[in-house]
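Here are a few exercises to work through with the model open beside you. Try each task before you read its solution.

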Amino acid sequence: MSFDPLVHLPDDLLERVRERAPIHDRENTFPQQDLDELRDAGYLSILVPKERGGAGLGLEQAAVLQQRLATAAPATALAINMHLVWTGVAKVFSDRGVAGLEFLQDGAVAGDVFAFGISEGGNDLVLFGSDTDAAPQPDGGYAFTGTKIFTSLAPVWTKLGLHGLDTTSADAPKLVFAFVDRTDAVSTSDDWDTLGMRATQSRTTRLDGAAARPEHVVRRIDPGPNPDPIVFGIFSVFEILLASVYTGIARRALDLAVETVQKRRSKKTGATYSQDPDIRWRIADMGLAYDALPPQIAALARDVDSLADHGGRWFTLLSGVKHRAVTMAKSVVDDAILTAGGGSYFSSNELSRLYRDVLAGMFHPSDPESAHSTAASAWLGPLKS
């Protein structure tokens, strides 16, 4: 059967999400109604196989839906992204015959909200290292102590996927990936007051012996670059879905620019600005830049779904598509604001919000420095010591 995005994200739901977006941005609040409606629509389990109660979609289809959701509310899409990353990792596991994340798929169907607890202040190793202590417990579980930053979905998550470093086991050091429940051992700071992406409420999370049960300890791997499925799963799904959100922002900015120039009229000529050669060139430039990204995202997502083997090229391809999506989106939003005129400078204008939201893209892994370093190593080899 052909994939119809409207089945999973209908127009009326999208419009309600769009109407609430400026309110949450202005009031710096979490979009609880968006989450509730998306959960009721089965959106939190789109990547869960049908046999486990989900929609059975692939990453390619989820990327299309996230682009669509981002056109209505970028911050809602970015917050939901973090849940979808974990369900996407579970799909990567199951597609490759790797056990261990079935509980996550079942939880998503049951209504659990999974948050992403990987980022740490000053830790540029990201997936390859952690400053969080992972202390082994007698029952085979782990207790995590440390601080995670940019924890999207902070007010509502029920399970936090995270990593920490085990330095005491006989085979230490080991990076431990696991899931913890929201308990008194987890505290969330009310510190999310940012320029953009305000509704994600990506607050700082502090762990003080937060326990992961043995069955929720997913992986123990060596620190550093690693071919383990947990690393590939997180990196591939994270980068593709991030690229999708920012590509969705670009599409919305382009649509708003087109809509505006078809309405505005020149006092000098009496014609709409859509007939101005300079404006037409700018709109065309925006369209040419935007058109390159959806096919790239689709192709890479399809390769993940189909178990394509790009070997060592995977990390360049994935970090590259995220980097290109963010830089393209920022450029398109810049041009949309110029095209729309001075009204877009007012904070009540949607383009003003998109301008602030799109800036967040440069801070997500892979940041521009990391993306370029990865690409340079792929083409030129590693730096000589």
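**Exercise 1. Find which residues lie nearest the centre of the largest pocket, and how many line it.**

Solution. Start with the term: on a 1 Å grid over the protein atoms alone, a pocket is an open set of points where a 1.4 Å probe fits, with protein on both sides within 12 Å along at least five of seven lines, and lining residues have an atom within 4 Å of a point. By that rule, 44 residues line the largest pocket, and Val126, Phe363, His364, Pro365 and Asp367 lie nearest its centre. This is a predicted model, in which local features need pLDDT of at least 70 and side-chain atom pairs pLDDT 80 or more, while totals for chains, interfaces and linings use all residues. Residues are numbered from 1 along each chain as its sequence is written, and side-chain values use heavy atoms, with hydrogens and water left out.

Next, look at the lining by element, where helices (H or I, at least four residues) and strands (E, at least two) are DSSP runs numbered from the N terminus. At least two lining residues come from each of α5 (74-95), β3, α7 and α12 (368-380). Helix α12 contributes the most, with 5 residues.

Finally, sort the lining by type: 23 nonpolar, 16 polar and 5 charged. Here Ala, Val, Leu, Ile, Met, Phe, Trp, Tyr, Cys and Pro are nonpolar, Asp, Glu, Lys and Arg charged, and the others, Gly among them, polar.

**Exercise 2. Classify the ring pair of Phe150 and Trp192, and say which parts of the chain the pair ties together.**

Solution. Rings of Phe, Tyr and Trp (its six-membered ring) pair if their centres lie within 6.5 Å; planes under 30 degrees apart are stacked, over 60 edge-to-face, and the rest tilted. The count by this rule is 9 aromatic pairs. For Phe150 and Trp192 the centres are 5.8 Å apart and the planes at 85 degrees, so the pair is edge-to-face. Phe150 belongs to strand β3 (residues 142-151) and Trp192 to the loop between β6 (186-188) and β7 (203-212), so parts 42 residues apart in sequence are tied together.

**Exercise 3. Decide whether Phe150 and Trp192 are buried, partly exposed or exposed.**

Solution. Buried means under 20% relative accessible area, exposed over 50%, and partly exposed in between (1.4 Å probe, protein chains only). Phe150, at 48%, is partly exposed. Trp192, at 10%, is buried.
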